[in-house]
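Please look over the sequence and the model first.

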Amino acid sequence: MTAHQQSRAGDRATNRAGVRTRGRVRGRAGRGAARADRRTRLVLAAVAGLAGAVALAGCGEAEGFVGGKPRSPEETIRVVPHNGAHGVRADGRLEVRVPEGRLERVEVSRTGGAGRQAVAGRISPDGMVWRPARGRLQLGARYTVDAVALDGAGHRSARRTTFTTSAPVHRFTGHFSPQGDATVGTGLIFSMIFNRPVADRAAVERAVKVGARPPVEIAAHWFGHRRLDFRPRERWRPGTRITVDLRLRGVKAAPGAYGTQRRTVHYRVARDQVSVIDAARHTMTVRQDGRVVAVLPVTAGDDENPTYNGTMVILERHSMTRMDGDTVGFGAEYDIPDVPHAMRLTRSGTFLHGNYWAPPEVFGGLNTSHGCVGLKDIKGGGPHTPAGWFFGRSIVGDTVVVTRSPERTVAPDNGLGGWNMPWGPWRAGSALH
């Protein structure tokens, strides 16, 4: 090999090693060296780029990427129950959680019998968990969860899920009267009669809140396992606003029986009207706000069927109704299809009503009924008769007191007879004491 050839070989070896030659090389040999130099630079750039890609991939995985891609919303935000779940139990868990990072916003809504409502809850101080304020879910409802979170690398994800709760095996409801937004008398006792026996009376009682403005002490009393009544110590003051908050939806009243009601009911208490019937004198004295406005002649129950003594409350009013003795144990003794101005006082069948079939001298002179109290009236009911006058001035919740009858005092659970029970025993009937 000549010296010139050795020089060229050395130049090529040096170029392959990646060292740029000094000076300009002329001719074909110079052009080949330049091409080799460019190839070397490209290879080095490719190696450097690959190393950078590897480093980027490693960094990205630590910052919330898997295989070069951001984590899915399902991985970033975990929701229990799972999306699309059906038949979730009332005591099932509702939770939104992130394995790393933090929750920015969680909004949960419920759609059911009461329409669409927001579900209250809060995010934990560390930002990783959201839970509802109330532990139990409502049955027969659809829940929607909207959550936004940042993962450990600060990447934002949003997720929406839905699930539905199971319908109650046995629906549990309470019936009451009158319905909401009614004007009532000062003797009203709020009474609920349930369609099923209540095993957990404390849970049901906690779910029914009765309040008043101006405020007074109000106590609950259970009559057996199906009836729950609320009243104050004394009759309501005129002008009082009564609010009944029913939160029975989802409440477990007995094995397999869950409540369905969620509503708020309002009543306004009107003037104070108390009518006192003296069965021995055959009169009824009507007082409004303590002032006597009328003394009306009546006929009460006869010796064989005397009228109950004690305090009763008007439960219902009917301008006309049928009274059939067979429905209350008197067989075919009477069946009057058009009794006018009828006001029910007890569930057992005691009414204060108009009477057009008895002779005029009976009213104020004799007790001739099967236990009801009759006021003089005409067939079809007249507005200016004693019965028509009283009917027009009476409302549900007005108080009627019967005195000097040979019969016993009406039972506290017969109609709204709870005013005949002293306050101490009444309060003792609560399941929360």
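Q: Which residue forms a salt bridge with Asp229?
A: A salt bridge is a side-chain nitrogen of Lys or Arg within 4 Å of a carboxyl oxygen of Asp or Glu. Here Asp229 pairs with Arg227, and the closest N and O atoms are 2.8 Å apart. A word on the source: this is a predicted model, in which local features need pLDDT of at least 70 and side-chain atom pairs count only at pLDDT 80 or more, while totals for chains, interfaces and linings use all residues. Residues are numbered from 1 along each chain as its sequence is written, and side-chain values use heavy atoms, with hydrogens and water left out.

Q: Is Asp229 buried or exposed?
A: Buried means under 20% relative accessible area, exposed over 50%, and partly exposed in between, with a 1.4 Å probe and protein chains only. Asp229 has 0% relative accessibility, so it counts as buried. Arg227 is buried as well, at 10%.

Q: What does a salt bridge with other accessibility values look like?
A: Take Asp91 and Arg89, whose closest N and O atoms are 2.8 Å apart. Asp91 has a relative accessible area of 45% and is therefore partly exposed. Arg89, at 56%, counts as exposed.

Q: How many salt bridges are there by this rule?
A: The count comes to 19. One of them joins the side chains of Arg271 and Asp398, at 2.8 Å from N to O. This pair links distant parts of the chain, 127 residues apart: Arg271 is in the loop between S22 and strand S23 (273–278), and Asp398 is in the loop between helix H5 (386–392) and strand S31 (399–403). In these labels, helices (H or I, at least four residues) and strands (E, at least two) are DSSP runs, numbered from the N terminus. Both Arg271 and Asp398 are buried. Elsewhere, salt bridges that share partners join Arg93, Glu95, Arg97 and Arg131 into one network.

Q: How should I read a sheet?
A: Strands of a sheet pair through backbone hydrogen bonds, either parallel or antiparallel. Two strands count as paired if DSSP finds at least two bridges between them. In this model, 4 strands form an open sheet in the order S14-S22-S19-S16, with mixed pairing. S14 and strand S16 (208–213) are the edge strands, each pairing on one side only. From one strand to the next, the twist averages 25 degrees; for such angles, axes are lines fitted to C-alpha atoms, for helices over the stretch in contact, and angles run from 0 to 180 degrees between N-to-C directions.

Q: Which way do the paired strands run, and which residues face each other?
A: Strand S14 (residues 182–184) and strand S22 (residues 262–269) run parallel and are joined by 3 bridges. Thr183 stands opposite Arg268 in S22. Strand S19 (residues 241–247) pairs with S22 in the antiparallel sense over 7 bridges, and Thr243 has His266 in S22 as its bridge partner. S16 and S19 also run antiparallel, with 6 bridges; there Val210 stands opposite Val244 in S19.

Q: Where do the nonpolar residues gather?
A: In soluble globular proteins, nonpolar side chains tend to be buried together. A nonpolar core is a set of buried Ala, Val, Leu, Ile, Met, Phe, Trp, Tyr and Cys residues joined through side-chain atoms within 4.5 Å. The largest one here has 40 residues, and those with the most contacts inside it include Phe190, Val244 and Tyr267. Strand S17 (residues 218–223) gives the most to this core, with 5 residues. Apart from it lies another core of 20 residues, among them Tyr308, Met312, Val373 and Val402.

Q: How are aromatic pairs described?
A: A pair of aromatic rings is described by the distance of the centres and the angle of the planes. Rings of Phe, Tyr and Trp (its six-membered ring) pair if their centres lie within 6.5 Å; planes under 30 degrees apart count as stacked, over 60 as edge-to-face and the rest as tilted. The whole structure has 7 such pairs. Phe172 and Phe194 have ring centres 4.9 Å apart and planes at 25 degrees, so the pair is stacked. Both Phe172 and Phe194 are buried. Tyr356 and Trp357 are edge-to-face, at 5.0 Å centre to centre and 85 degrees between the planes. Phe172, Phe194 and Trp222 form one aromatic cluster.
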